[in-house]
Amino acid sequence: MVGPPGSGKTMLARRLATILPPLSFDEALEVTKLYSVTGQLGRERALITQRPFRSPHHTVSDAGLIGGGSIPRPGEVSLAHHGVLFLDELPEFTRSVLEVMRQPLEEGHVTIARAAASLTYPARCIFCAAMNPCPCGYSGDTVRPCTCSDSQIARYMARISGPLLDRIDIHIEVPRLKHDELLGTAQGEPSKAIRGRVQEARAIQARRFEGSGIFVNAAMGSRQVRNYCPVAADAEVLLKAAIQRLGLSARAYDRILKLSRTIADLAGTDTIGVGHVAEAIQYRSLDRQL
């Protein structure tokens, strides 16, 4: 999520865990084991039943985020297993810390090798990040003028590598709330209603991947993408044009198809239409900017 300070990025990230389906018993056992290993499971808690939400500070070390130590212990990315890992102020994290995120985002697990032992911890979580559009935070803002030069903005954005951005499915802009929206009495859709739609889409995906060891669209490999992502002819034309205009990589192409598949699941349709593909492409705003 990219937007000026105070636009609600952190609040939106904290709501993600509330719209996810409840943990199954097997998932709860996996999460509980990880917290038990790190000594974060209190005596009064026999089982963790809520999806974890982890938000480490930008000063976290490689070992703190991924795991490590003389006797390898799980890091924040593993403690967020089956939950949400949120990195606020993403460009403020050191480059080395961000680059070690590439393996868990791609493979869903972390392997830590030490002289004493080599251990593999699960790390399949929803990775969410937030950042300002520039050092001062107000590039493109309709109220406060930006004080950054073009070169400062370019250096700021360059702190996040292309390979890492490729592994993030959605890049979305979060603009400043208008005065009327802040003072208005209109209520948004409650998390409970959104969770119902998410559960319906998850049920469709569970039936689709039954017996394959895959449970969600994000975990599809290239073979599953070809099998389960039929695209309408006009949507295929739009997708090819987007690849040529934006210079998308093969990984970004697959992620757009997976996202289109999920949008179609939420709409309850089997075939991916042009509207689903167009929406998925719009969720790659940093590809268009960079």
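In which sense do strand β5 (residues 109-113) and strand β6 (residues 118-122) pair, parallel or antiparallel, and over how many bridges? In this predicted model, the two strands pair in the antiparallel sense, and five bridges join them. Between β5 and β6 lie four residues, and together the strands form a hairpin, within which Ile112 has Leu119 of β6 as its bridge partner.

A parallel arrangement is found elsewhere in the chain, where three strands make up an open sheet in the order β1-β4-β7. Because β1 and β7 stand at the edges and each has a single partner strand, one side of each is left without a neighbour in the sheet.

The pairings of β4 can be followed strand by strand. Toward strand β1 (residues 53-54), β4 pairs in the parallel sense over two bridges, and Arg54 stands opposite Leu85 in β4. Toward strand β7 (residues 126-129), which runs parallel to β4, there are four bridges; here Val84 has Ile126 as its bridge partner in β7, while Leu87 stands opposite Ala129 of that strand.

The side chains of β4 complete this part of the picture. Strand β4 (residues 84-87) is covered on both faces, with Val84 and Phe86 buried on one side and Leu85 and Leu87 buried on the other. Helix α1 (residues 9-16) lies across β1, β4 and β7, and the helix runs at about 165 degrees to β4.

Methods:
Residues numbered from 1 in each chain as written. Predicted model: local features only at pLDDT ≥ 70, side-chain atom pairs only at ≥ 80, totals over all residues. Heavy atoms only, no water. Buried < 20%, exposed > 50% of the residue type's maximum accessible area, 1.4 Å probe, protein only. Pairing = 2+ DSSP bridges. Contact = heavy atoms within 4.5 Å. Axes fitted to C-alpha atoms, helices over the stretch in contact; angles between N-to-C directions.
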